[in-house]
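Reader: I would like to go through the wording used for this structure. Please set each term against its cut-off.

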Amino acid sequence: MKKVLKTVLAFGLAASLLSGCSQSAKQPEGQTYQAGTYTGISENGKGGKLALTMEFSDQAIISAEVTEHHETPNISDAPLEQIPQQIVDQQSLNIDVISGATITSDAILEAAADAVRQAGGDVEQLKQAANNTKKSEEVIDLTTDLVIVGAGAAGMAAAVSAADEGADSVVVFEKQANIGGNAIVSGGFIENLGLPEELKADNDAGYEARVLNALEEGPQSEEEAAVWDQFTAEVEAWKATDRTKVFDSPLWMAIEGVRTDGGNLEDYLYFAETLQEFDNWIEEMGVEWEKAHGIVGYSWPRWTNIKDFYLGEGYFHYLKKNIEENQYPIDIYTSTPVTELLVDEEGAVTGVHAVSADGTQYNVKARQGVLLATGGFAGNGKMLVEYNELWEGMTEDVLSTNTAGATGDGIVMAQKLGAAVDQMEAEMMFPMADRKTGSTEAIVGNTASCLMVNQEGQRFTNETGTRWDISAAIFEQTGDQAYIISSSNNSGIQDGRTQGGSDVEAMLKNGRLFRADTLEELAAQINADPQALQATVKAYNEMTKTHEDSQFGRTTFEPNSEIAKGPYYAYPCVPAAHITIGGLVVDYDTMQVVKESGEAIPYLFAAGEVLAGECGIDGSFAQGKALAKQIVHNVAKRDLN
């Protein structure tokens, strides 16, 4: 059965639904221009400078085009393509921002206002000009096997997995203008235990000591005691090799996970197995991996990303490619939030009601159920404050690393059906967020291989500690901020861009990054004590050789951790709301959402960060894939006609 992949404002197909295509829009009365071409500038794009070139006749805006930007790919695609066209179509600056891309949308409109001023136009009048976009009144009724709410890591993995396993039809609704969710703005790193030898991290004395010390300490629980012979055998087998690559195994991953974050060994082992299934699955789509390394809060070097892509882009590139090559029966509707879960007289979920940004309404029945994959609520300041019990002084305007779509919609909709929630107070902060935007794209350096200092130029924490610990330590420093200090060998900068794709020169220009040829000059730029910074770097560099940190107990240093030769960088960072551990409670045998009584809400499933206790894109990808397979093969199709 073949179906066309339907996308509304996604995959770069930029539909004109929102622009109205009103080429005959009425020119505001009395509005005139000095004919010519002008380029307006905004310095407030998410990635810094954005330029919009506009052509004017003496009475109209003829064309508008973004000619320079440093915005996040995929997320920025819709506003970059649509808003300039809407300005022309509507002859107005009264244009709605694109859902999930507010910063980019506002920057385009700010640049447009600059160009209008240069052309002698009346900006305020254009901001008040009527927006003649006509809303659709169409109502579309559909029936499908599976409805997925949310097109992030869990949602897209579930959609492709369901089709892969033989589903006849899948419908995905996404409220933002692009697929990807938070995964598209995350570091994109996932754990991978199946990498080829050349991509595994190089061993060093710190990594080796950590494993051997754990072995010498012996089991720390009955669970560990039950598997200790196996763990011992794994380590002994590794010791018999040349040991050029770091030791790793699912069991070591599980032991580390329990000791760091709590939980039980069995769950971690299941997670390792499920995650590796996802890694192998997407690898079969043609993925090439980067070399493994540690990341902030999780220093064991088993984390990798897809080669040649920034952040989480690569996963969705290959998932989309897989859909197209296999002509999978998946219909994706972006800019179309689900507003209601539909239920029958017995309380079973039968489908959803959704409304597109262009006004089209969708009533969709789901024979095998509805899967909530809407993520957490770290982008919802009001909800964060409501549940916060951990972070003193949190306000509704707290910065967030999340996209604007992470507002807890799935949790709220399910609660209306009586769904239970848990761990809602457990809000993880990310300690390395951009101090102006809260984003992670701009990070220069990595706490797994770099140094972190306060305003005084001094270390104040173990850079390889948990995100909770590092964030708490930053909140005790001057200005509630810190600086990651790196050098040419470990900054992560390539071809003028950060690891996340941000333009370095734009960051330097707007104070989101500092660079100098000497540490003394760098200290002056960040108003730190030059002698203190130099002494801190000297002491830190010695630690990278001895792996001994008498101040904070850091033992893990990657081979490139030394702050070597210039240029030197200082990346100012702050903690920002990152992951909400709390969410819906499910029956893990069926993954159906349950009520406070423990009673399941029939045909309502959930995966990813919308669940209590679930977090991270690796877990979301793996869980989405596994759950969709389970639904396709184990949930009977209903006749809903």
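Author: The questions below take the terms one at a time. This is a predicted model, in which local features need pLDDT of at least 70, side-chain atom pairs count only at pLDDT 80 or more, and totals for chains, interfaces and linings use all residues. Residues are numbered from 1 along each chain as its sequence is written, and side-chain values use heavy atoms, with hydrogens and water left out.

Reader: Why is Thr 395 called partly exposed?
Author: Buried means under 20% relative accessible area, exposed over 50%, and partly exposed in between (1.4 Å probe, protein chains only). Thr 395 has 40% relative accessibility, so it counts as partly exposed. Thr 395 sits in the loop between α10 (381-387) and α11 (409-415).

Reader: What makes the link between the side chains of Thr 395 and Asp 397 a polar contact?
Author: A polar contact is a pair of N or O atoms within 3.5 Å; within protein, one must be able to donate a hydrogen and the other to accept it, and residues adjacent in sequence count only if both atoms are side-chain atoms. The side chains of Thr 395 and Asp 397 are joined at 2.3 Å.

Reader: Why is α8 called roughly perpendicular to α16?
Author: Axes are lines fitted to C-alpha atoms, for helices over the stretch in contact, and angles run from 0 to 180 degrees between N-to-C directions. Angles under 35 degrees count as roughly parallel, over 145 as roughly antiparallel, 65 to 115 as roughly perpendicular and the rest as oblique. The axes of α8 (residues 265-283) and α16 (residues 617-634) cross at roughly 80 degrees and come within 9 Å. That makes α8 roughly perpendicular to α16. Contact means heavy atoms within 4.5 Å; among the residues making it are Phe 271 and Trp 281 of α8 and Phe 621 and Lys 625 of α16.

Reader: How do you know that strands β14 and β24 pair?
Author: Two strands pair if DSSP finds at least two bridges between them. Helices (H or I, at least four residues) and strands (E, at least two) are DSSP runs, numbered from the N terminus. Strands β14 (residues 370-372) and β24 (residues 600-606) pair in the parallel sense over 3 bridges. In β24, Leu 604 is the bridge partner of Val 370.

Reader: What is the expected span of helix α5, and how far does α5 reach?
Author: The expected span of a helix is 1.5 Å times one less than its number of residues. Helix α5 (residues 205-217) has 13 residues and reaches 18 Å from its first C-alpha to its last, close to the 18 Å expected. Its buried residues include Val 211 and Leu 215.
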